[in-house]
Amino acid sequence: MATEMADRQTLDSGVRVVWGVWALVGALMLAGIAGAAGFATVAQILLPAGVTFLVVAGLGVVYTLARYRAWWYAVQADSLHLSRGVLTRVHTVVPFVRVQHVDVSRGPLERALGLSSVVVYTAGSRGADVTIPGLTPDRADRLQQRLKRLAIDAEGEDAV
């Protein structure tokens, strides 16, 4: 079913940079921990830190590329579909009648790369929201307006 959606949209390729930077930050943190552990046990910092950084950074780059390839979304007549995940594939369907509000957010790294994220908040339990990362600001604004319009229309149909 998920692969049959004709209007699947992918993310802007710049999101790979955002995810890659976060992977490298994680690799640096783990390298620091490995270096400290190496110094405490065998009085070596560079070898454990360097090996850890190279392995984790390499895995992070591979994971980032796989994550980008797996991510897509589609706006259907009555719902928003999102598919993502590398190790565990997740397909989320958000009926427009459940949408409470839609935000566009831009963190510092996203702003530097000219990207935005759309956050769709839904009725339900705490943390019931989905995020579509890696969109250009214009695309994010258009998607926000479209989702808002579809949610208002769905609310009107649900009341009838």
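This note goes through a predicted model point by point, from its core to its surface.

1. Basis of the model. Because the structure is a predicted model, local features are taken at pLDDT of at least 70 and side-chain atom pairs at pLDDT 80 or more, while totals for chains, interfaces and linings use all residues. Residues are numbered from 1 along each chain as its sequence is written, and side-chain values use heavy atoms, with hydrogens and water left out.

2. The largest nonpolar core. A nonpolar core is a set of buried Ala, Val, Leu, Ile, Met, Phe, Trp, Tyr and Cys residues joined through side-chain atoms within 4.5 Å, where buried means under 20% relative accessible area, exposed over 50% and partly exposed in between (1.4 Å probe, protein chains only). The largest such core has 26 residues, of which Leu 80, Val 118, Val 120, Ile 132 and Leu 147 touch the most other members. At least two residues of this core come from each of α1, β1 (72-75), β2 (79-84), β4 (99-105), β5, β6 (129-135) and α4 (137-159), and α4 gives the most, with six residues. These elements are DSSP runs numbered from the N terminus, helices being H or I of at least four residues and strands E of at least two.

3. Ile 132. Contact here means heavy atoms within 4.5 Å. Leaving aside residues up to four places away in sequence, Ile 132 touches Leu 11, Trp 71, Tyr 73, Leu 80, Leu 82, Ser 116, Ser 117, Val 118 and Leu 143.

4. Ser 116 and Ser 117. Ser 116 is buried at a relative accessible area of 0%, and Ser 117 is buried at 6%. Each takes part in a polar contact (a pair of N or O atoms within 3.5 Å; within protein, one must be able to donate a hydrogen and the other to accept it, and residues adjacent in sequence count only if both atoms are side-chain atoms). The side chain of Ser 116 is joined to that of Arg 106 at 3.2 Å, whereas the side chain of Ser 117 is joined to that of Glu 110 at 2.6 Å. Beyond four places in sequence, the residues touched by Ser 117 include Asp 103, Thr 131 and Ile 132, while those touched by Ser 116 include Leu 135, Thr 136 and Ala 140.

5. Leu 115. This residue sits in the loop between α3 (108-113) and β5, and Leu 115 counts as buried because its relative accessibility is 2%.

6. Ala 34 lies in helix α1 and counts as buried at 16% relative accessibility; outside four places in sequence, Ala 34 touches Pro 48, Ala 49 and Thr 52. Met 29 is found in helix α1 too, but Met 29 is exposed, with a relative accessible area of 56%.
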